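My notes follow in the order I looked things up.

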Amino acid sequence: MPSSRVTLQIVLLTVFFFTVSGAQKLTITPDRGTTINISSSSSSQVKGCQVCTAPGRCSTSILLKDSTHYILEFKCSRPQDVFSVEIVRNIECTTRSCTSNIIQADYGSLPLLDFNRKFTWNLKASSLKAFKIDFNNAGFRQINSLERCLDKHSYTLQASQTTGNVVVGKYCRTGPIHSAQVLDRGSFSLDVPAGQKLQTGQLDVSVGEEIKSLAKMTVMLPKGTSSAELLSPNYPESFPDDDVMEWYFQVPDKHKATVQFLKVVQPRCLKKEAAVEYHSKGRGALVLRLSDSQPEQNQGNFSLTLRNCEMDRRRTDSPGLSLNLRVSSSSKSIPAVTCKVDVNRMEGLSLHIEKLRPASDCKMKINSVLKEKITVTSNSDLTFQDCQPDDVRVSATRVIECSRLKDCPQTPVRLPCYPSMPSCLPTPLSSVTWTLRPPQHGTVELTSPSGPLKQSLPGQPCNDSFIIKATEDDGNTIGHFCPQGTIQKIQIHTNVTVTVSVLGTKATRTSLKHVLEARLKEEITERYIFTVFPKRDAPVLLATPGWPSGMKSSSTVSWIVTVPKKMEAHLMFTNLNQPKCSNRHTNIRVQRVGRLEEDYSRREDEEAEEEITVSESFYLNMSNCMPERGDFSVITKITLQKSQNLLLTIILSVVAALLAIFVIVLVLVCVVIRKKKKKLNQQVSIYNPNGISFLPGNNGFPKSREDNESHVYASIEDTLVYTHLLKKGREIGVYGEFETYRPFAGHSDSQKPLVSKDGEDDNRQVGTYRPFQYPSQQAPPLPVRPPSHVDPMVENEIYQTEGQSEEERSPNLGPRMEPEGGN
């Protein structure tokens with residue numbers, strides 16, 4: 001803080017000290033955004049000493065908020081021996097910036113100079129990020145919890161976890177620790193003893209990395225001979241369970257670093273094992289036990305990671321994990337490294353080594369001759385003096401060509417990305433380039449033994465350990481490719497240069513031993529042909545060669561797309577750019593394999609459809625014109641879906657099954673209804689000539705005097721009631737050979753002839769059958785007759801009297817009436 005601000009605060013803040021009956025008074029106004037906490041020490045021997053903000057408002061601790069004027073009164077003669085002061089400010093970081101830096105200032109606490117003061121900055125990072133504190137060029141050095149700093153300013157960095165706060169370290173100013181990063185949230189505090197004036201200053205706070213450890217400290221080792229001691233978090237107490245701490249060491253050029261463990265306390269582990277890991281650029285990770293000898297680091301910058309296990313803390317004597325380590329560096333020149341290169345083991349490749357930084361101390365020699373660039377084509381001796389991995393770049397090339405097709409290699413030529421290169425090189429191989437030159441009418445065919453390839457496109461990025469770039473002889477890019485795709489074969493009707501570049505340190509010699517295979521074959525009709533087998537679970541993006549720059553003028557490309565059975569392909573032409581043609585036209589065509597007709601065809605002057613569907617394997621052809629202006633480039637998105645015909649078949653099958661079920665249910669319903677109807681048909685009313693009427697039911701028919709019910713029927717069928725009687729009558733001679741009924745001459749005892757009420761008309765015709773006729777479909781109403789004149793209805797028997805004429809035996813009774821309840 002500038003001295004003018006301190007002077008201004010002294011002028012503005014009037015400090016009143018009164019000693020009246022052992023009491024002192026102070027006037028304090030905290031700065032905006034500042035909170036001052038005054039609390040008594042738990043170890044204080046003075047009892048009853050309180051601080052008051054007003055009469056009757058006294059306590060052993062008090063919280064003063066920003067921009068408020070307070071008059072404090074301490075109820076003891078030496079409150080500085082009882083109370084301590086903490087000045088707190090908050091800093092929050094977003095994904096891009098933080099609200100403030102750490103500024104060492106009094107923040108209105110100058111009247112409390114005679115108290116032990118602690119300045120605390122609470123810091124919070126955005127989600128999954130860390131906040132970073134830069135310790136400026138002077139740096140910090142770590143001390144143990146009992147050590148004191150010479151300037152009486154000691155700093156403490158803490159990390160906040162769900163299990164509690166972890167002390168990352170305690171520090172003094174001036175040292176090799178350049179910066180600190182803490183995950184999520186934590187605090188940074190400065191302790192100043194009573195009577196010590198605060199040294200003003202500033203530490204920058206910024207957004208950190210997405211670290212995977214509790215904290216990450218960056219240590220810059222100075223040139224020359226130096227050393228730095230570092231302590232594990234919570235030292236000498238235990239480092240937290242299953243946690244990680246990282247130190248990153250920046251080693252000067254031509255220096256080597258040595259790691260030594262001064263004091264190690266190893267925990268009892270339930271799961272995993274406590275260990276340290278070393279990482280350096282261009283080298284694999286080195287994992288060692290805490291009891292192992294730690295190696296010298298001769299390859300520049302490196303990181304050291306401490307990993308704790310899940311500790312057994314059930315027993316009180318379980319020690320936990322604590323580590324005190326020393327890192328030393330020296331300026332002793334690194335010895336020259338000699339490499340012998342055997343070209344017979346390099347699979348026909350030429351080795352190229354280039355110095356990247358002219359100002360570096362790296363010296364390269366081939367056969368004792370100093371060079372800035374080295375090309376190795378024969379057995380040679382290489383020497384590297386003071387060369388770091390960042391100083392040089394190593395690549396390899398090979399040319400495969402043939403003038404006649406019969407002279408070309410008959411078997412596929414493997415293109416290894418990680419050939420057998422000398423391990424003594426300062427840095428690993430960064431790229432391998434092959435130049436493939438087929439005969440004049442030949443074709444280059446590329447396949448991947450490890451699986452199909454995919455193009456590196458927006459929405460379809462390459463996240464693998466290497467990338468393949470294919471270009472033509474004139475430098476025009478064909479495309480960028482990587483593994484785990486759907487392109488099984490690439491055919492190019494021109495000279496091709498293929499470069500495989502290693503990305504990061506994920507690549508291994510096993511995974512990159514054989515990346516591609518090349519064949520030089522007979523010519524093809526197109527300039528480029530891609531064979532594609534789309535996957536059912538993900539869309540495929542295919543771009544025209546040269547994307548996004550556009551295809552070469554008058555060039556053609558074809559994709560042979562295989563569509564599985566019962567599937568169909570949906571094509572969408574996205575990112576379609578059409579030129580203005582000066583000669584010919586651009587064309588996009590889709591044609592199914594084995595079909596003569598085209599499914600789709602559009603030129604640059606025709607409106608293209610957004611989406612088309614192809615139900616079989618097909619050819620996708622595109623051709624460019626001679627553009628007057630603009631470029632021709634397309635990205636085609638292919639998505640496989642179940643065939644609509646199959647879907648329709650499934651739908652129709654389901655409908656047919658439902659219809660069959662409906663028919664079965666309908667038949668069952670009809671059967672049930674018919675049975676119920678038949679049961680109702682049997683329940684009919686009985687027309688009784690004796691004048692007794694009843695309804696059908698469980699009581700049955702009424703009995704005759706002889707209780708003979710054999711001649712009684714429930715219903716009468718018109719067409720069958722009398723037919724069998726006529727036939728029977730003819731057999732016994734009662735009826736003649738004619739179709740009319742002859743009346744029976746007598747009657748049974750149980751059945752009386754129909755007579756008039758007065759009994760005078762004995763010759764009246766009775767019992768004669770008359771056909772039942774009525775003019776409509778509905779049954780006529782029952783005749784209204786007295787009960788004594790109701791004709792009886794009996795089943796299949798007609799009573800007639802012998803000797804009566806037909807007229808006498810057949811009185812006109814009117815039309816025959818249906819019984820109630822009949823059908």
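**Loop between β18 and β19.** I started with P236, which sits in the loop between β18 (226-231) and β19 (244-250). This is a predicted model, so I treat each value as computed. I checked the peptide bond between Y235 and P236 and found it cis, with omega about 5°. I then went along to D242, which lies in the loop between β18 and β19. D242 is not a glycine, yet its phi is positive, at about 50°. Is D242 buried, partly exposed or exposed? I read a relative accessibility of 41%, so D242 counts as partly exposed.

I looked up P548 next. I found P548 in the loop between β45 (540-543) and β46 (556-561). A cis peptide bond links W547 to P548, and omega is about 5°.

**Another positive phi.** I turned to Q484, in the loop between β40 (477-483) and β41 (487-492). Q484 has a phi of about 65°, positive although the residue is not a glycine. I noted a relative accessible area of 59% for Q484; the cut-off for exposed is over 50%, so Q484 is exposed.

**The four-stranded sheet.** Which order do the strands take in this open sheet? I traced β28-β33-β30-β31, four strands with antiparallel pairing. The edges are β28 (337-341) and β31 (369-371). Each of these two has a single partner strand, so one side of each lacks a neighbour in the sheet.

I followed the pairing of β28 with β33 (residues 380-385). The two strands run in the antiparallel sense and share five bridges. I picked out K340, which stands opposite D381 in β33.

I moved on to the loop between β33 and β34 (392-401), where D391 lies. How accessible is D391, buried or exposed? I read 2% relative accessibility; buried means under 20%, so D391 counts as buried.

What does the side chain of D391 reach in a polar contact? I found the side chain of R357, at 2.4 Å. I then listed the contacts of D391, leaving aside its neighbours within four places in sequence. R357 is in that list too, along with E354, K355, L356, S360, C362 and D386.

Conventions. Residues are numbered from 1 along each chain as its sequence is written. This is a predicted model: local features need pLDDT of at least 70, side-chain atom pairs count only at pLDDT 80 or more; totals for chains, interfaces and linings use all residues. Side-chain values use heavy atoms; hydrogens and water are left out. Two strands pair if DSSP finds at least two bridges between them. Buried means under 20% relative accessible area, exposed over 50%, partly exposed in between (1.4 Å probe, protein chains only). A polar contact is a pair of N or O atoms within 3.5 Å; within protein, one must be able to donate a hydrogen and the other to accept it, and residues adjacent in sequence count only if both atoms are side-chain atoms. Contact means heavy atoms within 4.5 Å.
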